[in-house]
Amino acid sequence: EGIGGVDIRYLRETPAGLYSNAWWSGSVRAVRKLHATRRFDAVLSEELAGSAVARSGPPIPHFAFLQGIVLEHVVSEFHQAEGMEGFVRYLAIKIPEMLYFTLCHEVPVVRGARGIFVVSDRLSLLVPKWFRVARSRVHVARNWVDCRHFRPDSERRNRLRTRLGIPSQACLVLMASVLTRQKGVQVGLRALARSARARPDLLALVVGDGPYRADLEREAGALGLGGRVRFVGEIHNDATPDYYNAADLFLFPSLRLEGVPYVVLEAMASGLPVVAPFSGNLPEVLGDGGCGRLVKSGWD
């Protein structure tokens, strides 16, 4: 597939979204085959995805790009666990799994890379200490969004509010993410329920879909938010600027140790104040509070 002049190849024999044995071996075969016909200058590994190529692929310079560190997901996966069954699974499966990926894939790929690109200053300090690599090999390459696409636009605001039947004077809160437990939308709903007591004009949109959606819809009903919160579901990327512009506040109640979430950057570029947790790289993204508010002591 060709997109914007970039030639993209897919490993069709591998399951989507999973690192499998077929993925590790298939990626090495594919890179070797392509390198034999059109020689590469370098390999860039997204996180640990290129670890097999780094070990067994062509002898060319290898670089790594990190949004975060695998073992920091220990916190994220803890918040994904629910009930005793989920907690047992977390202890017996998730922690060993993260240790395996760290020791067998992440550490070799980072230590063997000629250069490591990270998305924040925080990671640029953490990676040399964690992986024992020279600071000179670590470079900050920040995530970015196109501000021609994401920008304040009153026409988009009015158009979407009219289509959704949202009063022009209503205070509209937007949450956008994949709907999993660790993304914390349930915490955002509880915060909205408390705020609604003082703001009768408060409404909310939840954009996105995922395995936790039904639980969130039940939570909204139990909190008495049935008429205030609308679950929009998955939308096309081209439609996202309309939702940012329609809102007055972007709420990002994630329980994860986040990297640099694109939704936060998109909201900021659209002129929305952001409320987010004081964790991961988010303090670096939101700065000293001029772009929103960081919650330090927990959402409750």
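Reader: In what order do the strands of the open sheet come?
Author: The order is β3-β4-β5-β6, and these 4 strands pair in the parallel sense; strands are DSSP runs of E with at least two residues, helices are runs of H or I with at least four, and both are numbered from the N terminus. Two strands pair if DSSP finds at least two bridges between them. This is a predicted model, where local features need pLDDT of at least 70 and side-chain atom pairs count only at pLDDT 80 or more, while totals for chains, interfaces and linings use all residues. Residues are numbered from 1 along each chain as its sequence is written, and side-chain values use heavy atoms, with hydrogens and water left out.

Reader: And which strands stand at the edges?
Author: Those are β3 (43-46) and β6 (138-140), and because each has a single partner strand, one side of each is left without a neighbour in the sheet.

Reader: OK, what does β6 pair with, and over how many bridges?
Author: It pairs with β5 (residues 115-118) over 3 bridges, in the parallel sense, and Ile116 stands opposite Val138 in β6.

Reader: New topic: which residues have the most contacts inside the largest nonpolar core?
Author: They are Val110, Ile116, Val127, Leu174, Phe250 and Val264, in a core of 44 residues. Such a core is a set of buried Ala, Val, Leu, Ile, Met, Phe, Trp, Tyr and Cys residues joined through side-chain atoms within 4.5 Å, where buried means under 20% relative accessible area with a 1.4 Å probe, protein chains only.

Reader: Which helix gives the largest share?
Author: Helix α10 (residues 262-269) does, with 4 residues of this core.

Methods:
Buried < 20%, exposed > 50% of the residue type's maximum accessible area, 1.4 Å probe, protein only.
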